[in-house]
Amino acid sequence: MGNFLVFVNATSYGLYLVISKNLIAKYHPITLVKWLYLLGLLFIIPFGYGEFTEIIWQEIPTNIYWNIGYVIVFTSCITYLFNLYGLSKLKPTTVSVFTYLQPVIATIYALIIGSDSLNYIKIGATLLIFCGVYLVTRQVENSPK
């Protein structure tokens with residue numbers, strides 16, 4: 001089930017990049033991010049409203065509020081804004097390459113700071129990522145008709 005959900009995520013993100021490329025030609029990236037998050041909120045409310053109402057806000061430490069804010073603003077909103085800005089200047093395949101290389105970069109960083117170790121699974125996953133990036137970015141020759 002997990003592998004299927006990863007596949008659905010990758011497919012959905014690819015579709016998002018293709019659709020966004022057309023929209024970015026018409027609208028400003030901030031406008032697109034605003035509508036993306038508003039529509040996303042409307043779709044997620046039915047699934048998360050029950051759990052959201054059970055949160056005891058008074059018991060959450062102040063530093064956790066800062067952490068939540070950081071995740072919402074920087075790792076979500078700003079990231080999508082940069083992706084849309086990148087789409088306005090680059091091809092969708094180029095933007096997707098940077099996205100799919102993120103696990104490799106995160107693993108390298110974790111290895112440098114000593115919080116992770118290298119194993120055959122990570123090496124294999126990295127090779128698969130590079131193979132996928134190669135397949136996406138290679139030029140296809142036009143055959144004569």
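This is a predicted model: local features need pLDDT of at least 70, side-chain atom pairs count only at pLDDT 80 or more; totals for chains, interfaces and linings use all residues.
Visitor: OK, rings then. How many aromatic pairs are there?
Guide: The count comes to five aromatic pairs. One of them joins Tyr16 and Tyr80, with 5.7 Å centre to centre and 75° between the planes.

Visitor: Stacked or edge-to-face, that one?
Guide: The Tyr16 and Tyr80 pair is edge-to-face, because planes over 60 degrees apart are put in that class.

Visitor: Where do Tyr16 and Tyr80 sit in the chain?
Guide: Tyr16 is in helix α1, residues 2-24, and Tyr80 is in helix α3, residues 62-89. The two are 64 residues apart, so the pair links distant parts of the chain.

Visitor: Are those two tyrosines buried or exposed?
Guide: Tyr16 counts as buried, at 16% relative accessibility. Tyr80 counts as partly exposed, at 29%.

Visitor: And Tyr37 with Tyr80, what is the geometry there?
Guide: Their ring centres are 6.0 Å apart and the planes are at 90°, so this pair is edge-to-face. Tyr37 is in helix α2, residues 29-53, and Tyr80 is in helix α3.

Visitor: How accessible is Tyr37?
Guide: Tyr37 has 30% relative accessibility and therefore counts as partly exposed.

Visitor: Which residues do the ring pairs link into a cluster?
Guide: The cluster is made of Tyr16, Tyr37 and Tyr80.

Visitor: Change of topic. How many disulfides?
Guide: The count is zero disulfides.

Visitor: What about the accessibility of Cys77 and Cys131?
Guide: Cys77 is at 25% relative accessibility and counts as partly exposed. Cys131 is at 46% and counts as partly exposed too.

Visitor: Now the surface. Which residues form the nonpolar patch?
Guide: The patch consists of Phe52, Ile55, Trp57, Ile64, Tyr65, Ile68, Tyr70, Val71, Ile72, Val73 and Phe74. Together they have about 970 Å² of accessible area.

Visitor: Which element gives the largest share of it?
Guide: Helix α3 does, with eight residues of the nonpolar patch. Val73 is found in helix α3.

Visitor: Why does Val73 count as partly exposed?
Guide: Val73 is at 38% relative accessibility, and partly exposed covers what lies between under 20% for buried and over 50% for exposed.

How values were computed. Residues are numbered from 1 along each chain as its sequence is written. Side-chain values use heavy atoms; hydrogens and water are left out. Rings of Phe, Tyr and Trp (its six-membered ring) pair if their centres lie within 6.5 Å; planes under 30 degrees apart count as stacked, over 60 as edge-to-face and the rest as tilted. Helices (H or I, at least four residues) and strands (E, at least two) are DSSP runs, numbered from the N terminus. Buried means under 20% relative accessible area, exposed over 50%, partly exposed in between (1.4 Å probe, protein chains only). A disulfide is a pair of cysteine sulfur atoms within 2.5 Å. Patches are made of residues with over 30% relative accessible area and no salt bridge: like charges are joined within 9 Å, nonpolar side chains (Val, Leu, Ile, Met, Phe, Trp, Tyr) within 5 Å. Accessible areas come from the Shrake-Rupley method with a 1.4 Å probe; for residues, only the protein chains shown count as cover. A salt bridge is a side-chain nitrogen of Lys or Arg within 4 Å of a carboxyl oxygen of Asp or Glu.
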